[in-house]
Amino acid sequence: SSESDSTSDTDSSSESDSSSGSGESSKKKHRSSLSDDGDDNGASYTAEKSRDHMWQDSNYGSYSMNLGKFSTVREFMSESTDDHVMEHNLTLPASIDIWMDEDLVSGSTEFFGKSLLDSYVAFSLAANADESDGADAAWVIVSDMYGNLQNVRPCKLRGSQMKRERFEALKIWNASTLLLAEFFSNNDDSMPLFILWNWQTNTEEMIHINAKYGSHDVEHVPDDNAVITVQDTNNITEYSLETGESIWSTTWHELCLSSSRLSNKNPPDVMVEICATDAHMNRVQQQSAHTVYASSRDLGGLLKIEKKENVLEWILGGPFGDFTMVDENGTEWPAGYELWNHQHNFEWIGENKFIMFDNGATDPEIGNFTHKSRFLMIEIDETKMQATVIWEWCTGGHTPIWGDADVLPNGNVIGPSWDEYVDPSANGTEKYQAHIWEVTSDKKIAWSLHVKGACIPQFMCVGDTQKYLRRKDESPKGWAIYSAERFMATPLLTNVTMVDHHDGDGGVVTLTAYNSYRSSFSVDADITIFEPSGSVLAVSHVSLNAMWMPLQASISLSGKKWKVLKESSEIAVKIVNAKQETTIRKIAVVL
């Protein structure tokens, strides 16, 4: 089959309109249709890439995002009496610049050409000058791929301690709503630790759970009607959304004592020391009713937890790791070898594969690194207890803490980083403080966003021509991004084909489908096939795979229904997920 022109922007807007509660998305604007003057949404454009950019390739277009032009930012700045807010060099970046190769973002033709260009990026951007007072500025930003700001949430001073909100955890609740978790602990109930922010309606709802600490991570567990979160870095707790109370919890100390693998390898006095270690968990993910994964920064590994029995099954990586390692060069290393260091957001991505942001830091407070920071993908064999590096990409800098890496439907990987050294006089990305990278499987940069901070003493900059260290201990001074997520307004349909049985007994329509957002759980959906007059030819109930793994669906049509399809010039395929986010594609009939 072949995709018709009906999959263009015109259809995309109508699909967005049919999504319940999602509102009308702004029309996507490609660089050829925009002036250099920008738009009221805070984006400005140049016809050619910046001359000082590292890529000498005309395939890259350059775009700029201007927070100060966006309405919610202007209102926040004009109404605030906070001295930090009034100091614009602390509150707004000097620039936010985007470079993109549209072909690399789109992926192959199976992704309907421009569909992935019509997606969104959400991220939490914060500037720190004095960590003890919290963030000096923080924004939650939703933008399209071209820098058109969809919404910006200013983060205010809140609570009895009057600390600024800084949402390290940012997850997709649905295509219109973000799940945010505040990092700083605050015993004042007015401090919103966990909220749902609908970026399309600019409304928010506080999640009332009995959490006492800020969190590096939070994730929705729909099967339990709950959220699971890291509390106080060593505690994992799941809270009921109905009662707000804990329904399951564990700690590193409990898990350590439960581990037969650890106790078999270490004498009792050493076990006491290991179990008293600060695990500093920064990612928690419930993969099934029985399995929870937790990324431990200070243990340098991923913990697999049997949830029902509250038992630690194994550790992947770090000095207490249970797996032998095969590195990117094919060299095998014994269990306990530290192939990665101080990683963030180590997570399961489907089947037996995992991905992380490998900081590469052995001691981030003094700047010791074994290698530059990177995205790192691992495949494991639980029978052989062996882990193999199957893909990596180096950012080119050193990121002492924070970072993320997520796999997209087209196989690209996206994630943020920040560099401990910044060179204001550099021609390339070294002059920026914070980055988001999207990289193809063959290590080409498809899209990137870069945040430039003002050269001011509060950010440790000493002059426009002098390279400077912009961290204090392990923490960044200036702008940095902890979390970034890509998502689409509606589910994605690709690879639609039609096969005739040639026996008079009908045929089959096959397709590949992805949910509109990344989720650790499968999401129910209905797929309907229509003929041109609107009559239904077939309906199939499916489960869209977790973590953007492709769903291969086959929908059989009986002889009579198949005959109607064969006699039609095109069919329409509609997919509706459990959140009522809807995509309709018109496909030319080719047999």
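Ser-64 is found in strand E3, which spans residues 60-65; helices (H or I, at least four residues) and strands (E, at least two) are DSSP runs numbered from the N terminus. The model is a predicted one, in which local features need pLDDT of at least 70 and side-chain atom pairs count only at pLDDT 80 or more, while totals for chains, interfaces and linings use all residues. Residues are numbered from 1 along each chain as its sequence is written, and side-chain values use heavy atoms, with hydrogens and water left out.

With a relative accessibility of 25%, Ser-64 counts as partly exposed; buried denotes under 20% relative accessible area, exposed over 50%, and partly exposed the range in between, with a 1.4 Å probe and protein chains only. The side chain of Ser-64 is joined to that of Asp-97 by a polar contact of 3.2 Å. Such a contact is a pair of N or O atoms within 3.5 Å; within protein, one must be able to donate a hydrogen and the other to accept it, and residues adjacent in sequence count only if both atoms are side-chain atoms. Ser-64 and His-450 are 386 residues apart along the chain, and their C-alpha atoms are separated by 9.6 Å.

Two disulfides are present in the structure, a disulfide being a pair of cysteine sulfur atoms within 2.5 Å. When bonded cysteines are counted along the chain, the pattern is 1-2, 3-4. The link of Cys-256 and Cys-275 is left-handed, with -75 degrees about the S-S bond. Both Cys-256 and Cys-275 are buried.

Another disulfide connects Cys-455 and Cys-461, with an S to S distance of 1.9 Å. The torsion about its S-S bond is about -80 degrees, so the Cys-455 to Cys-461 disulfide is left-handed. Cys-455 is partly exposed at a relative accessible area of 30%, whereas Cys-461 counts as buried at 5% relative accessibility.

An open sheet is formed by four strands in the order E18-E19-E20-E21, with antiparallel pairing. Two strands pair if DSSP finds at least two bridges between them. Strand E18 (281-286) and strand E21 (311-316) are the edge strands, each pairing on one side only. Neighbouring strands of this sheet are turned by 20 degrees against each other on average, direction ignored; axes are lines fitted to C-alpha atoms, for helices over the stretch in contact, and angles run from 0 to 180 degrees between N-to-C directions. Within the sheet, strand E19 (residues 291-296) and strand E20 (residues 301-306) run antiparallel and are joined by six bridges. Thr-291 stands opposite Glu-306 in E20.

The average pLDDT of the protein is 87, and 85% of the residues score at least 70; pLDDT is the predictor's confidence in each residue, from 0 to 100. Over residues 1-40 the pLDDT stays under 50, and the model has 84 contacts beyond four places in sequence for this stretch, contact meaning heavy atoms within 4.5 Å. Residues 44-54 also have pLDDT below 50, with 35 contacts in the model beyond near neighbours in sequence. Where pLDDT is low, the predicted coordinates should not be read in detail.
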